[in-house]
Amino acid sequence: MTVNPLTVAFDTGEVTEHAATYAPHRAALASLPGSFRLVHHQPADILVTVASGAGWLDRITPLLSAKAKAVLIAGLSPSAVAQLAALAVLAAERGLATAVASGPADDAAWQAALPDVAGDLGGLTFIDTITTAPADGSLFDALLSQLALVESLTGPLEKATTLTATATHYVLSAQAGSAAVSLSGTTCTAESGRVELDLIGTAARWHAEFSAAIPARPTAITRYDITGAQTRRPLFQGPQRARWLRLRDDINGTGTQTDPPGPLAGLIARAGLAAEVAGAA
Amino acid sequence: MTGFGVGLIGAGPVTQAIHLPALATMPETFHIAHVMDVDQSLAEQVAARAGDGIAASIDYRRLLNDPAVDVVAVCSPHQFHAEQVTAACEAGKRAVLCEKPLATTLDEAEQIADAARRSGVPVIVGTMHAYDPAWQAARDNWGDLADTVSLVRSAIYIPPNDEFVGLSTELAAPPAPLPPPGDFTDPRIRAGVLRAGILGLAIHNTPLVRQLLPTVDQVLDARPVTPFGYRITIRSGPRTAHLLALLPGQWSPRWTFDAWGAGDHLHVEFPPSYVLAGSASAEIGGRRWATPVNGYQAEWRHLADVVKGTVAPLFSVDDSVADLRYALAIADGAADLLLEGQE
């Protein structure tokens, strides 16, 4: 059976400003011509937007046609966090799917590893993650994607506390079951966009590295135990492409529903914390 | 006999698995002259294994009175360091290498420093990571990292020490068993575990942290973990350091030190303690350093150069006191947080 490609439109009002955010999505869509088709100046099945600015939701609402099936949030700024709840209501009223591009959490290698990683979750003592943002980059973005990564494994974190937050870095502590969670981020022009995740228990530990240079430097995920180390096979696929594939399958009803129900609820909670940290800095 | 005669106070695993093998690689510079341990049998066994005609005793004063001993290595339990290092200085030995920590209190450390200043005897603390050639090379090449650093992380995840001790030597006798950990729900026990973790494990890297975060302004978070380890976050002005450790694990070791500045990321991977197979591996700005010389050899080589008068100590006794003050500030701040009912 041939399925018509889903049509996709970018939130044109902000295309120029957010060109860098949209670029990897354009590349991902171009690699999926059988599944998606970019359209201009006409209603689309999926609207891609960067949630930014006080009037963001008002601006995109008219762009959501009656035939729209989904909204993909490719980026978020603190100024739009308060509007996410209204989008959730709107989406529920219209039966729209919502999806959030979450960086490393969307990574196909990470998604494939999640069931195995989750098997070790109960024995973890530490979950420690650090991310680097460009010198002029946003620690808000860095923390948002870092939270999404950790919570894709643990579910919502408990007792999240900001230990320190400055213009150049932050350190948060939290709890996930028996594991003490640390989330650190810093601006650094060397290796910017890199995320490291260590999951440490006495029987097994994991080390994962996600690079902004994906897919040229694919995500490396290794499990260490008494038998040695096993590194998962690298997948030369960026997180945006993996995100689009999951959205396609969810819309077509062929997915495994790997997204938690109501992805906006998780985003709202994470964005609230990230905005608080960014504000404290 | 060639080189300087070394007297070893304490003949346990550190002496047997670290210092004897390290000194054995420098026969032109050092020879073992005297081994002291409160266990006479152990002292005699270790002395006999180290060579012919090496004295063994159960009283460190006899070792200090031995004219064959030029240099003293203090490898006894922490609580004896102050008395023994002070006595070695007063005995006029040519140098003292004291295993970390230098002492258990600041008063003890000041007592050592006074003795070192009065006698002129160099006192070098065995913080092998600070002497590690790869660390030193990275430090010499890290540009403005010390000015721009914002975040430091020291992570120590290691298997049981026995594994590495067993690869470095054949112990003359099994080490004394560790005392039971006690009731971990008691904040005082937890604070004690944290203190032991800081003075026994974190102290390998706290002198390195201090080079980038010169003061401990605040301990932001402190948590001991079982079987043994900690998670501690400290602030120094606008900078933050995050210290993590867990042992023993069943996996391969990971002992790393990272520092992020505005434009550089320093990444160092240290071998586990007792491993004598080369230096750490350090990377910054696309450059990488690693050498066949390990940190233990480097500290002994440096001590020899100091005794010969060809170089000044890389770290003065005042530096070493400051290192201990730093570690104690972390330990005290961490204990305060726990006892105030942080959790």
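## Two helices of chain B

In this predicted model, the axes of helix H10 (residues 187–200) and helix H13 (residues 317–339) of chain B come within 9 Å and cross at roughly 160°. Angles over 145 degrees count as roughly antiparallel, and H10(B) and H13(B) are therefore roughly antiparallel to each other. The crossing in which H10(B) passes H13(B) is right-handed.

Which residues of H10(B) meet H13(B)? They are B:Pro187, B:Arg190, B:Ala191, B:Leu194, B:Arg195, B:Ile198 and B:Leu199, and on the side of H13(B) they meet B:Ala327, B:Ile330, B:Ala331, B:Ala334, B:Ala335, B:Leu338 and B:Leu339.

## The domains of chain B

The domain assignment divides chain B into domain 1 (4–127) and domain 2 (130–295 + 313–339), and the C-alpha centres of these two domains of chain B lie 24 Å apart. Where the domains meet, 28 residues of domain 1 of chain B are in contact with 23 residues of domain 2 of chain B.

On the side of domain 1 of chain B that touches domain 2 of chain B, two or more residues come from each of helix H1 (13–24), helix H2 (40–50), helix H5 (106–119) and strand S6 (123–125) of chain B. That side of domain 1 of chain B has 19 nonpolar, six polar and three charged residues.

Most residues other than glycine have a negative phi, and most peptide bonds are trans. Against that background, a cis peptide bond joins B:Lys100 and B:Pro101, with omega about -5°, and B:Pro101 is found in the loop between strand S5 (95–98) and H5 of chain B. A cis peptide bond also joins B:Leu247 and B:Pro248, where omega is about -5°, and the place of B:Pro248 is in the loop between strand S10 (239–247) and strand S11 (254–260) of chain B.

In chain A, A:Lys159 has a positive phi of about 55° although it is not a glycine, and A:Lys159 lies in strand S7 of chain A.

## The sheet of chain A and the helices on it

In chain A, eight strands form an open sheet with mixed pairing, in the order S7-S8-S9-S6-S10-S11-S12-S13. S7 and strand S13 (228–231) of chain A stand at the edges with a single partner strand each, so one side of each is left without a neighbour in the sheet. Neighbouring strands of this sheet are turned by 15° against each other on average, direction ignored. Within the sheet, S6(A) and strand S10 (residues 195–201) of chain A pair in the antiparallel sense over seven bridges, and A:Thr129 stands opposite A:Leu197 in S10(A).

Helix H5 (residues 139–154) of chain A packs on the sheet, where it touches S6, S8, S9 and S10 of chain A, and its direction makes about 155° with that of S9(A). Helix H7 (residues 263–280) of chain A packs on the sheet as well, touching S7 and S8 of chain A, and its direction makes about 20° with that of S7(A).

## How H5 and H7 of chain A meet

The axes of H5(A) and H7(A) come within 9 Å and cross at roughly 140°. H5(A) and H7(A) are therefore oblique to each other, and their crossing is right-handed. Among the residues that make the contact are A:Leu143, A:Leu147 and A:Glu151 of H5(A), together with A:Arg270, A:Leu273 and A:Val277 of H7(A). The contact of H5(A) with H7(A) has twelve nonpolar, one polar and two charged residues.

## The domains of chain A

For chain A the domain assignment gives domain 1 (6–102 + 242–261) and domain 2 (104–238), whose centres, taken over C-alpha atoms, are separated by 25 Å. Their contact takes nine residues from domain 1 of chain A and eleven residues from domain 2 of chain A.

## Where the chains touch

How many residues does each chain give to the contact between chain A and chain B? Chain A gives 31 residues and chain B gives 28 residues. Strands S6 (124–133), S7 (158–165), S8 (169–176), S9 (179–187) and S12 (220–225) of chain A each supply at least two residues of the side of chain A that touches chain B. The residues of that side of chain A divide into 14 nonpolar, 13 polar and four charged.

Key
Residues numbered from 1 in each chain as written. Chains lettered and ligands numbered in written order. Predicted model: local features only at pLDDT ≥ 70, side-chain atom pairs only at ≥ 80, totals over all residues. Contact = placed C-beta atoms within 7 Å. Helix = DSSP H or I, 4+ residues; strand = E, 2+ residues; numbered from the N terminus. Nonpolar A, V, L, I, M, F, W, Y, C, P; charged D, E, K, R; others polar. Pairing = 2+ DSSP bridges. Axes fitted to C-alpha atoms, helices over the stretch in contact; angles between N-to-C directions. Parallel < 35°, antiparallel > 145°, perpendicular 65-115°, else oblique. Left-handed = near helix turned anticlockwise from the far one by under 90°. Domains from an automatic or database assignment.
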